[in-house]
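Hi everyone, thanks for coming. Have a look at it first.

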Amino acid sequence: MSLLGHELVGGGKTPVIVLHEWLGDHSNYGPVLPYLNKLDYSWCFTDLRGYGLSRDITGRFDCREAADDIIKLSQHLGWKEFHLVGHSMSAMVAQRVAADISAQIKTLVLVTPVPACGVKVAADIEQTIKKAAHDDSAASAAIDARTGHRYNATWLNEKLSLARKASSAEARAAYAEMFLHTDFSEEVKGLDIPVRVITGKYDIPAFQQDHIQAIFSQWYPDLQIEQCAESGHYPMLECPVYFASTVEKFISDSPC
C-alpha cells in the first residue's frame, strides 16, 4: 500500500490530519495557511488516492480504502493520538476512521459534512451529481449552488480550475459512488469522542445546519455545530480567517 501524499505545516506538539473535498485537494487550504498556529500544532494536509500529491496512486477509491490509508499515514507519522478534520466527502472518511480507531481520535472536526449514512437523493439528482465528475458546466453549477449563487464568474472559474487540476476523473467518479451509496451509520452510533461541525449559511439544504443537526445528533453524544454566516460549502476558501480560528478553537478543547 502506497503512502498518501501529504504536506506538513508547523512543528507543534498537537497533531492534526486535514482531509479535502470531492472537487478539490489539499491546496483548498492554501488561503488558511497564513492564519494557522504553527508553533503549537503540526498540520498534515493529506490527499486521498487520485487527488493532488496522491494523484498517481490507484485503487478502489472507496471509504474503507481511504480510511485505511489515513490510519497507515498516522502510523507512519508516529501519531498515536491526533485530531482529524474532514471536509464534505472526506468528512465521511473521517467518520470511518473514527469508528475504526476511536481511542486515537482526540477531536473529529467535520466541515459541511457528508454523514456516515451517505447523501440520500432522488435518482435525477444523483445523475446530476455524477455528471459533475466529468462535465465542467455541471461542476460549475454545483459549485455555484453550494455557495448560494453569490460569487462572480471569475471565482467560479478559478474554483472549477482547482477542481479539475486536483484529481482524476476516475477518482471523482468512484468517490461520488462512495458518498452516494455508502452507509456505516450503525457503526458510529454513540461514538464517545468530541464531534465538532462547521456548516455554511449559503450551502445547499443537504448541508444546512438544521439538516445536519437532525442526522448527527442521532449518533454523536458530544456534538457541537457552528454555522459560518458568510460562507457556503467552502469556508476554508470563502472565510479563511474564520475557518482557521474555529478549527483551532474546536481542537484546543481536547489537546493531545
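**Spaces and packing**

Let's start with helix H10, which gives the most to the lining of the largest cavity, with 3 residues. Helices (H or I, at least four residues) and strands (E, at least two) are DSSP runs, numbered from the N terminus. Before I go on, this is a predicted model: local features need pLDDT of at least 70, side-chain atom pairs count only at pLDDT 80 or more, and totals for chains, interfaces and linings use all residues. Residues are numbered from 1 along each chain as its sequence is written, and side-chain values use heavy atoms, with hydrogens and water left out.

How do we look for space? Rolling a probe the size of a water molecule over the atoms shows where empty space is left. On a 1 Å grid over the protein atoms alone, a cavity is a set of points where a 1.4 Å probe fits but cannot get out, while a pocket is an open set with protein on both sides within 12 Å along at least five of seven lines; lining residues have an atom within 4 Å of a point. A volume is the space filled by probe spheres set on the points, which are joined across faces, edges and corners.

The whole structure has 1 cavity of 30 Å³ or more, and the largest cavity holds about 50 Å³. Among the residues lining it are Trp 43, Phe 45 and Phe 243. What classes line this largest cavity? There are 10 nonpolar residues, no polar and no charged ones. (Ala, Val, Leu, Ile, Met, Phe, Trp, Tyr, Cys and Pro count as nonpolar; Asp, Glu, Lys and Arg as charged; the others, Gly among them, as polar.)

The largest pocket has about 420 Å³ of space. Of its 23 lining residues, the closest to its centre are Ile 129, Ala 142, Arg 146, Ile 204 and Phe 207. Helix H4 supplies the largest share of that lining, 4 residues. By class, the pocket lining has 18 nonpolar, 3 polar and 2 charged residues.

Finally, Glu 21 sits in the loop between strands S2 (14–18) and S3 (41–46).
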